[in-house]
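Please open the structure in your viewer and keep the selection tool at hand. This tour moves from one set of side chains to the next.

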Amino acid sequence: MAKAPQKIVLSGSRDIPFDRLVLSQSNVRRVNAGVSIGDLAEDIVRRTLLQSLNVRPILDGEGQETGRFEVPAGGRRFRALELLVKQKRLAKNTPIPCVVKAANDDVSAEEDSFAENTFREQLHPLDQFRAMQRMIDKGEGVESIAAHFRVTPAVVNQRLRLAKVSPKLHEIYADDGMTLDQLMAFSVSDDHERQEQVWELLAHSYNKSPQFIRDKLTEGAVRVADKRVRFIGIEAYLAAGGSEAMRDLFQPDDGGWLTDPALLDRLVTEKLQAEGEKIGAEGWKWVATAVDMPWGVTNGMRELDGVETPMPPDEEKRLATLQDEADALEAEWADAPAFPDEVNTRLIALDEEIGALVDRPMTFAPEDMANAGVFVSIDSDGSLSIDRGYVRAEDEPVVHTDEEQDVDAAPDQRAEPDEQEAGSATTVVAIGKSSDEEDDADEEVVKPLNDRLVAELTAWRTLALQDAFAQSPTTAFAAVLHAFVIASFYYASSESCLQISLNKPSFGFSPTGLRDSAPAKAIAERHKRWADRLPDSEKELWDALLQLDAAEQAALFAHCASLTVNAQQEVVGKYGTGRISHHMIERRIAHSDILARAVGLDLVGAGWRPTVAGYFSSITKPRILADVAEAKGARFAEMIDHLKKGDIAREAERLLEDASWLPEPMRTPNIADAFSAADATGEEEAAPLPAFLDDEGTPEADNDDGAPIATAA
């Protein structure tokens with residue numbers, strides 16, 4: 001018959017007065033770590049001793065118990081109790097609950113001390129989250145929980161946010177099915193159903209990163225940092241019934257996300273219209289309002305010359321005071337390696353207030369305002385952008401000759417043929433997708449890019465080419481010289497003795513946000529710098545230009561020439577009728593490729609990336625997969641080909657973000673590709689520049705960086 005296993009006997013417990021206890025030299029903890037003794041003492045005061053001390057009797061020389069006990073396990077608790085006794089918050093003979101082991105136990109005191117600290121296991125993070133949530137449910141405050149556990153309130157809020165993630169995902173996390181970083185990403189949203197949908201999506205996606213999870217949970221939401229939100233203010237959004245912003249408590253989120261874009265757009269439209277009506281009341285003929293104005297919206301319009309409003313005496317006095325304060329601060333800290341934060345903040349505030357005073361509003365004659373209008377949009381920082389004083393060609397005043405015939409007062413100001421006709425006093429400018437675009441998401445054929453998308457892509461490329469062109473004065477000289485020769489030998493006109501004009505391209509199709517692109521901003525900033533230097537009256541322009549040195553003349557020449565570059569592949573009518581033809585577009589693009597190679601055009605360096613809004617949403621699913629395969633390899637395309645069109649587009653955007661890939665219309669072909677097959681056997685030799693443009697052709701020539709360049713008188 002099997003012998004029953006022997007039952008173990010646990011060590012007995014008893015209360016021992018504190019003054020009979022001493023810390024054992026067998027305690028293995030020598031380095032203090034974690035919660036300090038003082039903090040532990042305060043915790044004992046609040047909730048008393050939660051864990052007994054492990055003690056052994058101290059024997060005398062004859063092996064008899066002395067009535068005193070050593071503490072080999074529980075040394076930190078002993079030190080905390082000792083501190084309370086010294087502070088007279090605990091009586092020195094207070095009974096302390098202890099587990100008493102025999103002095104001659106087979107297990108050494110050192111082993112007990114080591115085991116106590118080795119077999120201890122921290123709570124699973126999920127248990128921590130749930131415990132804090134239960135404390136909140138029982139009425140505890142965030143601040144008090146933070147104080148009790150020696151953490152910040154932000155840490156407590158993070159734990160509470162994690163506790164609100166879907167219970168289904170909690171169980172997956174508990175079974176090590178997801179990482180803590182992934183769980184933190186899911187906490188961005190409170191929608192359990194959406195959280196679970198995204199988790200299901202991860203099962204079929206190669207991308208399981210926390211950032212991908214955040215992106216999926218916030219798609220369709222609008223960042224609080226968006227200029228539309230800054231324009232109306234988050235308070236107005238909440239007052240109109242919008243919900244609080246979704247926040248990410250685990251990484252910077254620029255204020256979070258708003259989940260009701262429709263409400264936001266309505267508020268923005270209403271405020272823009274109200275601002276437009278107030279500006280229209282100044283006496284303007286029309287006011288055009290839009291969140292984003294399209295590129296070239298003022299093409300074909302004459303800009304009025306306003307008169308700067310004089311600064312009143314009180315503002316002049318205020319300006320002098322601000323400037324004196326700024327000068328004093330800069331002088332005081334001139335020798336310091338860096339300004340203190342408070343000084344830097346004050347200087348920034350002073351600069352902003354000085355800038356607002358110096359930037360004087362313009363006034364216009366009432367008779368001019370009656371024929372002109374205003375463009376009202378939203379700037380990138382959320383402020384109102386107001387461009388006053390533009391006269392459309394059809395609104396130009398007319399004069400009567402002696403024969404009573406009407407003559408256009410500004411014959412050289414004509415609107416582009418494809419520009420809209422004048423409408424009502426308030427016009428909302430908007431760009432939308434054409435109604436005839438088909439949804440080819442389920443087709444299996446890789447179709448060519450549609451004409452509209454090609455036009456949008458090449459509009460972006462045109463701006464980047466203009467910017468690069470402006471930074472290469474020698475190329476600009478050569479290109480305009482080419483135009484001079486064409487005008488002199490192949491075209492005749494009686495309009496002017498100089499047969500050349502600068503015609504800025506007006507993009508028939510342009511992607512949303514083109515005005516905020518890096519090339520557009522660079523062009524606008526460069527244009528403003530030159531406008532500030534040039535005289536107000538064109539009658540003084542000739543003398544002013546003569547005051548510029550050769551390098552400045554070349555740079556200004558390059559800037560003006562760059563504005564005429566048009567590399568857009570415009571949409572041509574079905575039968576090729578109208579102001580442009582297929583042949584014209586073909587030759588235009590061919591020459592733009594020559595310029596692109598000459599200036600070293602780099603669209604990736606200029607900031608273009610294939611995005612859902614700017615590219616992938618306008619092409620078919622097979623085309624997206626073909627692009628991904630071309631840029632990253634067939635393996636990556638196979639990873640996402642089972643997804644729906646929208647998910648494929650978003651995955652493709654992330655895959656190609658750093659791939660330096662461009663759609664075919666945006667690429668600059670190699671020199672060999674520019675020739676026909678019959679001519680491609682030979683190598684092209686670069687046409688030499690004229691001597692006065694060639695860096696090595698004459699001692700007077702120089703590079704593009706500012707030294708003199710020979711110019712004709």
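This is a predicted model: local features need pLDDT of at least 70, side-chain atom pairs count only at pLDDT 80 or more; totals for chains, interfaces and linings use all residues.

A residue is called buried here when its relative accessible area is under 20%.

In the pair you have selected, the ring centres of Trp284 and Phe364 are 5.3 Å apart and the planes stand at 70 degrees, so the arrangement is edge-to-face. The two residues are 80 residues apart, with Trp284 in the loop between helix 13 (261-280) and strand 8 (286-289) and Phe364 in the loop between strand 11 (362-363) and helix 16 (366-369).

Next, select Trp608 and Tyr615, whose ring centres are 6.5 Å apart and whose planes are at 75 degrees, so this pair is edge-to-face; both residues are buried.

Then turn to Lys271, whose charged end sits over the ring of Phe231, 4.6 Å from its centre.

For the charged pairs, of which the structure holds 38 as salt bridges, select Arg654 and Asp215, whose side chains meet at 3.0 Å, N to O. Arg654 lies in helix 26 (residues 645-655) and Asp215 in helix 10 (residues 210-218), so the pair ties together parts 439 residues apart in sequence.

Asp467 and Arg526 meet in a salt bridge as well (2.5 Å, N to O), and both are buried. Finish by selecting Arg194, Lys216, Glu219, Asp647 and Arg650, which are linked in a network of salt bridges.

Conventions. Residues are numbered from 1 along each chain as its sequence is written. Side-chain values use heavy atoms; hydrogens and water are left out. Rings of Phe, Tyr and Trp (its six-membered ring) pair if their centres lie within 6.5 Å; planes under 30 degrees apart count as stacked, over 60 as edge-to-face and the rest as tilted. Helices (H or I, at least four residues) and strands (E, at least two) are DSSP runs, numbered from the N terminus. Buried means under 20% relative accessible area, exposed over 50%, partly exposed in between (1.4 Å probe, protein chains only). A charge sits over a ring if NZ of Lys or CZ of Arg is within 6 Å of the ring centre and within 35 degrees of the ring normal. A salt bridge is a side-chain nitrogen of Lys or Arg within 4 Å of a carboxyl oxygen of Asp or Glu.
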